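Hello,

Here is the structure you asked for.

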Amino acid sequence: MSTTGASADPLAALGSLPGVAESVESVRKAVDRVYGHRIMRRRSNAITSEAALRGARGSAALSGAGWALEEVRRRTDFSGDDEARVVGAALRLTAEAGQLLSIWRQSPLRVLARLHLVAAASKSDEVGRPRQAGEPVDEPLIELPLPDAAEVSGRLEGLAQLIIAGGSAPALVTAAVVHGELLALRPFASHNGLVARAAERIVLIGSGLDPKAVCPAEVGHAELGRAAYLAALDGYVSGTPEGMAAWIAHCGRAVELGVRESTAVCEALQRGAA
């Protein structure tokens, strides 16, 4: 992660980049609108459950498993092939994320290790820990240069310190940086994209921006498309002010599209159609 200028709170400093404040405000207004929907007062648990399912589907799609929503809803066995395993991993991560909120601010690295363990669902030696020197990474959809294990370790520790320290950065900024940093580092041997998006979800929920988990950013990331996702990630990795701002704005737009998805669910429930 790169920020402009020296700052005791580098995440908060990103909030001053051109266009970021506007993205933060736009996201806040969108979230407030869905939370104000009359259905949210009566059936918020149903909206949360549906958002979780749709968010998992979106995250899986970005990792190469573009299943229809009804197929995800229908299936009970996710062990059949590579795509099924990706969808199963995404569903497990979405369910697990809500159980890790209380740990995140005290021990984010522990949470990331747990997320990888849940995603991989394997007892292999490389599961549940950052990769070591010489270990390969299975993340074919992200073709950025791969940082070595020493750089991964140092940057993960730096990211953890920022999260533990807290600060005044808006939730959107923190979530975008956590998401982008994990994609850039690919700290695990596999499932890095799924873990990065689950971590973004944890930040958005745990920060209080989306406490009921009804604004699935993963839906928006999938709707914006893989090409736009990777192009925005290039901006993050560049470390330039323009690139960082573009990545944060992209993440903000994804949250807004997630809000739109849940608003549509609210309206369907209101009509008695779902």
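In helix H8, the buried residues are Ala149, Val152, Leu156, Leu159, Ala160, Leu162 and Ile163. Buried means under 20% relative accessible area, exposed over 50%, and partly exposed in between (1.4 Å probe, protein chains only). Seen down the axis of H8, these buried residues fall within an arc of 160°, so they line one face of the helix. The arc is taken from the directions from the helix axis to the C-beta atoms. An α-helix has 3.6 residues a turn, so residues three or four places apart point the same way.

This is a predicted model: local features need pLDDT of at least 70, side-chain atom pairs count only at pLDDT 80 or more, and totals for chains, interfaces and linings use all residues. Residues are numbered from 1 along each chain as its sequence is written, and side-chain values use heavy atoms, with hydrogens and water left out.

Helices (H or I, at least four residues) are DSSP runs, numbered from the N terminus. The buried residues of H8 pack against helices H1 (10-14), H6 (101-104), H7 (108-120) and H9 (171-185). On the other side of H8, Ala150 and Ala165 are exposed. Just after H8, Gly166 has a positive phi of about 75°.

Val20 is found in helix H2 (residues 20-35). Val20 is buried, with a relative accessible area of 0%. Leaving aside neighbours within four places in sequence, Val20 is in contact (heavy atoms within 4.5 Å) with Leu14, Gly15, Val173, Ala245 and Ile248. The C-alpha atoms of Val20 and Gly252 are separated by 9.1 Å, and the two residues are 232 residues apart along the chain.

Regards

Notes. Helix = DSSP H or I, 4+ residues; strand = E, 2+ residues; numbered from the N terminus.
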